Each structure stands twice: as C-alpha cells, then as structure tokens.
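Reader: Hi, I have a structure open and I'd like a quick tour. Can we take it piece by piece?

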Amino acid sequence: MFDRQASHIISTYFAPRGHKRMYQLGMQLVQLYLSPFDKLIGIIGEAGSGKSALIRGMFPGLDLTNDDDGVYVRPLPLLDLDDERSFFSPHTYHLDIRFENGFTQMSVLADAITQALHKGKRVIVEHFDLVYPLLQVKADLLIGVGEEVVITRPNIFGPKPREIYDIVYKSLPFRLMSHTAEDLCEFCMPPEELERCGHDDVRHGFVITFPDDRKPSFDIEELEKKVYDLIDQNLPVTYLDEKHVSIGGNVHPCTGPRIHVTNTSQIKDFHLLYHFIHDPFNRRYLLVGCVGKENLERLKRLEQKIEAQMM
C-alpha cells in the first residue's frame, strides 16, 4: 500500500450528486487509497456538499455523531476514551468539529483526537481545517468535497488543510447551481422522459442521459425557456426527505436533496446545448447543460462543432 502511494500527490474526482453514487465513490476511494495504518482522516467541505454520504460509503456501519436524521450521539464517544469500565471500545471514531465546537472547546477536542491517536484509534474528522491549527498533526489522508472530491496524502510541504478548503469552497456553488438546474430541467420534462432518464457528471454542469437509442421527444430550446421562467420566478428550493425536494411548493423526486441552492434565482448563466448528443457505444442520448460563463464558451464551441458535422 505504501509503495503504491509513495509518489501520490493529489487525485480529483467528480463529486456525484446522488447518495447512491456518492456511496459508490466512497467505496472506490477506500479501495484505492485507504491503508490499514491510516489513523487520522481529515474531511473538508461545507454543509450540503455530501461529506456524510462519502464517509458512509468509505466506512459502512460507522456511527456518525452528527447524523443527518437529527440523531446526535451523546456523550461524544471520543471524549470518553478514559472510561475503562468497558472491555470493548470502538476502533474508529467520528466527529464533526464545527458541530461539536458549539458544545466543547476546540482545545479539548484537539486533545481528545491526540489521545485517541496515541491509543491506536482511527479518527475521522469533519471540518478538519478548523482543528488543524491546534492539532498541528497532518492527516494521513485528507479529503475535500466541493464540486469535485479532492484526495491527497499531505507531506511536510503540504498541501495544508486550508489549501484544500480554498479549492472545494470556491467550487461548491457551481455544484449546487448545476444540480438545481438539472432538477429544473427534469421538472419541465414530459413525465415519460423523466421516468427513463439517468445522470452523468461534467465540470460546472450536468448530463442527463436517455437510454435505448431512443431520442427524447421534447424540444431543447423550449425546455430551456421553461427553466429560465422558473429561475426568474425566484422559487424556493427546499429539502423534503431523502428522496424529494420542493421547488416552489411542488414536490420533485431527487437523489441528492440536500445539494441545492436555496432559491432558483441563485442559478447564474444557465444554458443547454441545443442538440442531443448520440452516444453509440452506450446506446443513449445525452442532454448537456452548464452554469457559469466559463462553460458557456465551451458549450458554444461544442454547438458549432455539432452544427458543422450536420452540414
């Protein structure tokens, strides 16, 4: 394991928007990067970026102390390491620094992490960047979650947790805008097309897939106009449950209901490619959308390329 990762600097993956795909990515990262000797795992990213889903994929069965369903583990197990009354104790501990700092001083949390490491325990720390200045111990594995998942093994020259934070913090808004725009497109689709569509990832955007070599029946420009109208209406986008969001009071199915902007007006520079792309190898059609000015230029070049091929 160490020989295989001796020259590893940094790896980057798309951060998928559905829980199932996030779990699968977590499983993949464990297989590729996690060593049995890794004791301190640092996780960095803002609320709603999918950190908890990634952790659940990497460490199935681990009790998260800031459970998304509102079940908070108390007292915090990491603070009870001195309790030797029980013969059995966990090997892996989890804590969310931002959440726990509301109840416990940061220095106490840092001391508890250090004590656990000395006892041979593995500690998974969310918002690792907040405790690092007091801890001053580099993580064995450092993972940032934004629009992309960034994974690295820091050495004496870095990268520092703050550097990873700066990367994922700046990119997360594009992921939230992209996912919300993607859901708005689904919301405006004919029901029969919504039922069969799937999802792929692209930087600063999204790909909606349609299988079976059957070209979708709707007009893309008309769909884009409908989405523009929803954006202009300033509709609230809220979490309902693990399978649904509310868009302006209307229930819509969603596999990543926490990964959205809070209002449709926050989606900036949304555009669709006006042609369905045919993928003959996977026998499917692709609808491509993007947000942000940078991707708009790429979309225009792709549009020109497709139109030239059709002439």
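Predicted model: local features only at pLDDT ≥ 70, side-chain atom pairs only at ≥ 80, totals over all residues.

Reader: At what angle do the axes of helix 5 and helix 6 cross?

Author: At roughly 80°. Angles of 65 to 115 degrees count as roughly perpendicular. The axes of helix 5 (residues 106-118) and helix 6 (residues 128-135) come within 9 Å.

Reader: Which residues meet there?

Author: Helix 5 brings Met106, Ser107, Ala110, Ile113 and Thr114. Helix 6 brings Leu130, Val131, Leu134 and Leu135. By class, that contact has seven nonpolar residues, two polar ones and no charged ones.

Reader: Next pair. How do helix 2 and helix 3 pack?

Author: Helix 2 covers residues 19-33 and helix 3 covers residues 51-58. They pack at an angle of about 50°, and their axes are 7 Å apart. That angle makes helix 2 oblique to helix 3.

Reader: Is the crossing of helix 2 and helix 3 left-handed or right-handed?

Author: Right-handed.

Reader: And which residues in helix 2 and helix 3 meet?

Author: From helix 2 come His19, Met22, Tyr23, Leu25, Gly26, Met27, Leu29 and Val30. They meet Ala53, Leu54, Arg56, Gly57 and Met58 in helix 3. The classes here are nine nonpolar, three polar and one charged.

Reader: What about helix 7 and helix 9? How do their axes cross?

Author: They cross at roughly 120° and come within 9 Å. Helix 9 spans residues 220-232. Helix 7 and helix 9 are therefore oblique to each other. Their crossing is right-handed.

Reader: Which residues make that contact between helix 7 and helix 9?

Author: On helix 7, take Leu184, Cys185, Phe187 and Cys188. On helix 9, take Leu223, Lys226, Val227, Leu230 and Ile231. Eight of the residues in this contact are nonpolar, none is polar and one is charged.

Reader: Changing topic. How many cavities of 30 Å³ or more does the structure hold?

Author: One. The largest cavity has a volume of about 40 Å³.

Reader: What lines the largest cavity?

Author: The lining is Phe14, Ala15, Arg17, Glu147, Arg175, Ser178, Asp201, Val202 and Gly205. Helix 7 (161-188) and strand 7 (198-202) are the elements that give two or more residues to it.

Reader: How do those lining residues divide by class?

Author: Three are nonpolar, two are polar and four are charged.

Reader: Now the backbone. Is the peptide bond from Gly158 to Pro159 cis or trans?

Author: It is cis, with omega near 5°.

Reader: Where is Pro159 found?

Author: In the loop between strand 6 (148-152) and helix 7.

Reader: One more. What is the phi of Asp269?

Author: The phi of Asp269 is positive, about 55°, although Asp269 is not a glycine.

Reader: And where does Asp269 lie?

Author: In a loop too. Asp269 lies between strand 11 (250-253) and strand 12 (271-272).

Reader: Great. Remind me, which helix pair was roughly perpendicular?

Author: Helix 5 and helix 6. Helix 2 is oblique to helix 3, and helix 7 and helix 9 are oblique to each other as well.

Technical notes:
Residues numbered from 1 in each chain as written. Heavy atoms only, no water. Axes fitted to C-alpha atoms, helices over the stretch in contact; angles between N-to-C directions. Helix = DSSP H or I, 4+ residues; strand = E, 2+ residues; numbered from the N terminus. Parallel < 35°, antiparallel > 145°, perpendicular 65-115°, else oblique. Left-handed = near helix turned anticlockwise from the far one by under 90°. Contact = heavy atoms within 4.5 Å. Nonpolar A, V, L, I, M, F, W, Y, C, P; charged D, E, K, R; others polar. 1 Å grid on protein atoms, 1.4 Å probe; cavity = no way out; pocket = protein on both sides within 12 Å on 5 of 7 lines; lining within 4 Å. Points joined across faces, edges and corners; volume = space filled by probe spheres on them.
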